[in-house]
Amino acid sequence: MEQLKRDYKIILSNYIHNQNESNLYTGQNFIKRLIQKNVSPEEVISIHKQALEEIIEDLPESTIHAYDFLIEVMVHFGLKLKEHQSLLMKQEELRIEMEVAARIQNTLLETTIPNPENLDIGMVSVPLRKMNGDYVHFMHDHKRYLSIAVTDVVGKGVPAALCMSMVKYGLDTLEYANSNPSYVLEALNQLIEKSVDDSMFVSMCYSRYDLETDIFTWSSAGHEPPLYYDSREKVYYDLESKELLLGILPEVKYSQHDIKLNENDFIILMTDGVTDFRKQENFDPRQYIKELALSCRHLNAQEMCENIYKKLQVLHNYELEDDFTIVIIKK
Amino acid sequence: MTEKVTVEIVTEVDIVTARKLGRKEAKIIGFNKVDQARITTAIGELAKNIFQYAPVGKIIIERIVKDDKKGVSITSIDHGPGILDVQKILEDGDSYGGGLSSVKRLVDTMHILSEVGKGTTIKVEKWLR
Amino acid sequence: MDVNIQFRKEGNLLIGFIEGEIDTFTAPTLREELEKIHLSTEISVELDLSKVSYIDSTGLGVFVAFYKRATKENANLKLVNLSSRLTRLFEITGLSELMDIEEGGISHASI
């Protein structure tokens, strides 16, 4: 400390005698040393005052009082600074904790995209923050059936992730690739309704694909409607259902619908993060996605997903506001 | 233990009185201007806590000596609501205990004795370096 | 962006005018305000959403929770003057089948 005081006095004295840029620069570098040594703001003022008293012999009484006053008020600045530093440390702890949690979630929710003959499947799922509130669950029994669940839990981050673990557990325990989608949603709804609070819910589109007959069977619980492109008629169909979200009422019945896929038909399953264009009111995001998918339908399903994701990122100025998940299945 | 000053904290004016007496003691003991300001700030925060959260309370300022070290101790005694979780109240960002975490930073040691419904005694010490 | 709600009482009808965007950040404020409402069999609550430009899923959760409470207390709840965008949100989530929802063209809310 004494050394610091002496150094400061020299730097200050130099500046008082010669007000050039180099002396100012030295001063700024010196303050970095003080910060490293954890010298508080009030101490800095005190060092300055002391140095000044030594450099200028007959410093007016009023100036000395003014410095004492400054020391007094800077005590609170010092306290705020320390509080801030300690909050930063806490933030770092939380960040590390979050990273561990995210790793656990990734392992827990890891999913492999099935690769059956005669059907092309692609997926992009990107969380907004560390933890993902979207989840895609594939199941393929390597025989006739393949199932895809696209899920979105209300909210984002940790609360959504906790709820998602339960959904995943539910899917794992009751699912066989050949289960009826409506049955899966009904069973999951009961499980979720029992376990979550009143403002929590889950949206899900559950589908089953019959690889022998090419029949796609789907059910939706309050989920963003999938898009079906019929390549023979060259038209899109919005797969709307208006059936209730999971976890709101205890007994809910769901219906299911069949679509026969022909060569070059494709289906886009997504979460609302894909269609959420909050800032552009007079814009039809679903229409945009339809056109986008059409323009790249010569690509394989994975490339189509990636292409759409990239285009939407640009459109959002790289500031997507929600977890983003898109799955494309292509005949 | 040589000198001891007690200030009853009832109105906001008493906070200033406690600060004034504290600064005087700190000066006599030989603390420099910066530490005088810190000790006074600590006293101010403690007194303010009494004023805001307890109907009555007092601040005791003492000169202390241990081995060949000199210092000051400040004790705050109130019959307020008490503190349920001391550790929580000392955390940064806690609005109620915001003052107390500051006090802890301004002094060398801090002891808190509190019973919910009965009151709180806080004793802090700062030593001359 | 903020959200705020103002109430007007007309006999047994309580009208709440909500204004703003209801997202992860503003939803807690709205939830608190709605929780303060005393619900009973005699009370009808109408929430006017004509000045709500956006609701995300967390915001939707606030209405779901309030709907559940209203149902439990046997109070009437109606959401009115929803923009077509909001109406669609309540439709695709199946909530429009459950809750009493009225789409409104132009705003006739006067605060």
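**Loop residues with positive phi**

I looked up A:Asn264 first: with 13 C-beta neighbours inside 10 Å, A:Asn264 counts as partly exposed. The cut-offs I applied are 20 or more other C-beta atoms within 10 Å for buried, 12 or fewer for exposed, and anything in between for partly exposed, with C-beta atoms placed from the backbone. The model is predicted, and I therefore note that local features need pLDDT of at least 70 and side-chain atom pairs pLDDT 80 or more, while totals for chains, interfaces and linings use all residues. Residues are numbered from 1 along each chain as its sequence is written, and chains are lettered from A and ligands numbered from 1 in the order in which they are written.

I located A:Asn264 in the loop between strand E8 (257–260) and strand E9 (266–270) of chain A. Here helices (H or I, at least four residues) and strands (E, at least two) are DSSP runs numbered from the N terminus. Phi of A:Asn264 is near 75°, a positive value in a residue other than glycine.

I then turned to A:Asp214, in the loop between strand E4 (202–210) and strand E5 (215–221) of chain A. Its phi is near 60°, again positive in a residue other than glycine. A:Asp214 has 16 other C-beta atoms within 10 Å and is partly exposed.

**Helix pair in chain A**

I examined helix H1 (residues 2–17) and helix H3 (residues 41–55) of chain A, whose axes come within 9 Å and cross at roughly 60°. The axes are lines fitted to C-alpha atoms, for helices over the stretch in contact, and angles run from 0 to 180 degrees between N-to-C directions. That angle makes H1(A) oblique to H3(A); under 35 degrees would be roughly parallel, over 145 roughly antiparallel, and 65 to 115 roughly perpendicular, with the rest oblique. For contacts I used C-beta atoms, placed from the backbone, within 7 Å. Among the residues that meet are A:Tyr8, A:Leu12 and A:Ile16 in H1(A), and A:Ile47, A:Ala51 and A:Ile55 in H3(A).

**Nonpolar cores**

I took a core to be a set of buried Ala, Val, Leu, Ile, Met, Phe, Trp, Tyr and Cys residues joined through C-beta atoms within 7 Å. The largest has 89 residues, and those touching the most other members include A:Val202, A:Leu246 and A:Val327. Leaving aside residues up to four places away in sequence, A:Val327 touches A:Met123, A:Val136, A:Ile148, A:Val150 and A:Leu269. A second, separate core of 22 residues includes B:Phe31 and B:Val124.

**Helix H1 of chain C**

I asked which residues of helix H1 (residues 27–36) of chain C are buried, and found C:Ala27, C:Leu30 and C:Leu34. They fall within an arc of 65° seen down the axis, so they line one face of the helix; the arc is that of the directions from the helix axis to the C-beta atoms. On the other side, C:Pro28, C:Glu32, C:Glu35 and C:Lys36 are exposed. The cover over the buried residues includes strand E1 (3–10), strand E2 (13–22) and helix H2 (57–72) of chain C.

**Chain contacts**

I found 2 pairs of chains in contact, of which chains A and C share the most contacts. Chain B and chain C do not touch, their nearest C-alpha atoms being 19 Å apart. Between chains B and A, 10 residues of chain B contact 12 residues of chain A. H2(B) supplies the largest share of the chain B side, 5 residues.
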